[in-house]
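Subject: Handing over the model

Hi,

Here is the structure I promised to pass on to you. Please have a look at it first, and then read my notes below.

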Amino acid sequence: MKKNKMIVAVIFTFALLTAVFAMSGGGNNDPAKEAQQVKQDTQSVQAKQSDQAKLGETVKDILGFDTGLTKDQYDLLKKEYYEKAKELKLLHIDPLFFNKVDLNKKNEFDNFNIHLGASLDECNLNDFIIRSELIIIGTFDSVIIDNDTKSTFPVTFKVRVNEIIANETGYNTIPTFITLKYNNFSNIPFDKLKSNKESLVKGKEQYVLFLTRRSFYYYVDSHEKGRTKTYVTNDCFEPYTFTSLAFSDRKIEKNKIAKDYSKSDLDENYWLDLNVFKKNVKEIIEINDKNNFFKRSYK
């Protein structure tokens, strides 16, 4: 019996080490191989959770990345995190936890005018930085519209990545082209929706894009619990597929971007120099330090 348990333990340890090695790129930053590995890891996370708990292994998050915590440790950290968020009177806690926002650094975030509890329609540029997985300068290369009225994300862009401003996705490399999915919650008729989105492709303007994958999982959960009637199609979970944070797209004009849509574009405070923005991104990411999120205490 003991021998069987040892064999099981060795098998699971080998599988875990193999996944971690592959996730790190194994010394080879081949986007195709990395994408396939990440896809496989993501699809198997939920199935492995119960086995991990039984064997005392570490838990992976919904994207398939190792937290370094056992299930009991993970549950305790999440409980402490949510309690701290409530003490700070923060709303919309789930995105903060998913995006690995260090609540211990609230004072430093305040210096950047970051509103941790803000909804997306209230966010400024720095708020979007803390909520993003990937920030790029991109160009809309092509678009396809799915006429399925039950699809949560019927708009599919191929986006050229002209510059990576920040990459906290877990991918070691980002390819030249990525997939960007958009919803149609305004219920724009499909012919008009197609025309609107095709104009972005024809325009060839450059945009600062704040990207995430959390929305896909959020709307899957909403559909399963009956809160929404639309469903999330499988292609949303393909490697290098993202959606843009609502209200966050910023067109670049004369090396500047809009800070806040609530201001007039005639107001000089409406615009922010792109280089200043990049500097802010770097500093905010260093303050937050997502890599050590699961190593901290949030009591």
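This is a predicted model: local features need pLDDT of at least 70, side-chain atom pairs count only at pLDDT 80 or more; totals for chains, interfaces and linings use all residues.

The buried residues in H8 are Arg-214, Ser-215, Phe-216, Tyr-219 and Ser-222. Their cover includes H4, S5, strand S6 (206-212) and strand S7 (241-244). After H8 comes Gly-226, with a positive phi near 80°.

Now for the chain as a whole. It has nine helices and 10 strands. Of its 299 residues, 44% count as buried. If you take the contacts between residues at least 6 apart in sequence, 63% of them join residues at least 24 apart. The exposed surface comes to about 16,400 Å², and carbon and sulfur atoms supply 52% of that.

In soluble globular proteins, nonpolar side chains tend to be buried together. Here the largest nonpolar core has 41 residues, and the members that touch the most others are Tyr-81, Phe-97, Leu-116, Ile-135, Val-208, Phe-210 and Phe-277. Two or more residues of this core come from each of H3, H4, helix H6 (125-131), strand S3 (134-145), S4, S6 and H9. A second, separate core has 21 residues, among them Ile-145, Val-161, Leu-209 and Tyr-240. What does Leu-116 touch, leaving aside its neighbours within four places in sequence? Leu-116 is in contact with Leu-90, Leu-91, Leu-96, Val-101, Leu-103, Lys-106, Phe-109 and Arg-131.

- Asp-61 and Lys-100 form a salt bridge, with 3.8 Å between the closest N and O atoms. The two are 39 residues apart and link distant parts of the chain: Asp-61 sits in the loop between strand S1 (58-60) and strand S2 (66-70), and Lys-100 in the loop between helix H4 (93-98) and helix H5 (106-110). Asp-61 counts as buried because its relative accessible area is 12%, where the cut-off is under 20%.
- Asp-75 and Lys-71 meet through their side chains at 3.0 Å, N to O. They are four residues apart in helix H3 (residues 71-87), so about one helical turn separates them. Asp-75 is partly exposed at 36% relative accessibility, and Lys-71 is partly exposed too, at 35%.
- Lys-282 and Glu-286 form a salt bridge whose closest N and O atoms are 2.7 Å apart. Both lie in helix H9 (residues 274-288), four residues apart, or about one turn of the helix.
- Asp-102, Lys-105, Asp-289 and Arg-296 are linked in a network of salt bridges.

What surrounds Thr-169, apart from residues up to four places away in sequence? Thr-169 touches Phe-65, Glu-133, Leu-134, Ile-174, Arg-213 and Phe-242. Thr-169 lies in the loop between strand S4 (155-167) and strand S5 (177-182), and it counts as buried because its relative accessibility is 2%. A polar atom of the Thr-169 side chain lies 2.9 Å from the backbone nitrogen of Tyr-171.

Finally, two backbone angles to look at. Most residues other than glycine have a negative phi, and most peptide bonds are trans. Lys-204 is not a glycine, yet its phi is positive, about 60°. Lys-204 is found in the loop between helix H7 (190-203) and S6, and is partly exposed with a relative accessible area of 48%. Lys-254 is not a glycine either, and has a positive phi of about 55°. Lys-254 lies in the loop between strand S8 (250-251) and strand S9 (256-258). Is Lys-254 buried or exposed? At 82% relative accessibility, Lys-254 counts as exposed.

Methods. Residues are numbered from 1 along each chain as its sequence is written. Side-chain values use heavy atoms; hydrogens and water are left out. Buried means under 20% relative accessible area, exposed over 50%, partly exposed in between (1.4 Å probe, protein chains only). A polar contact is a pair of N or O atoms within 3.5 Å; within protein, one must be able to donate a hydrogen and the other to accept it, and residues adjacent in sequence count only if both atoms are side-chain atoms. Contact means heavy atoms within 4.5 Å. A salt bridge is a side-chain nitrogen of Lys or Arg within 4 Å of a carboxyl oxygen of Asp or Glu. A nonpolar core is a set of buried Ala, Val, Leu, Ile, Met, Phe, Trp, Tyr and Cys residues joined through side-chain atoms within 4.5 Å. Accessible areas come from the Shrake-Rupley method with a 1.4 Å probe; for residues, only the protein chains shown count as cover.
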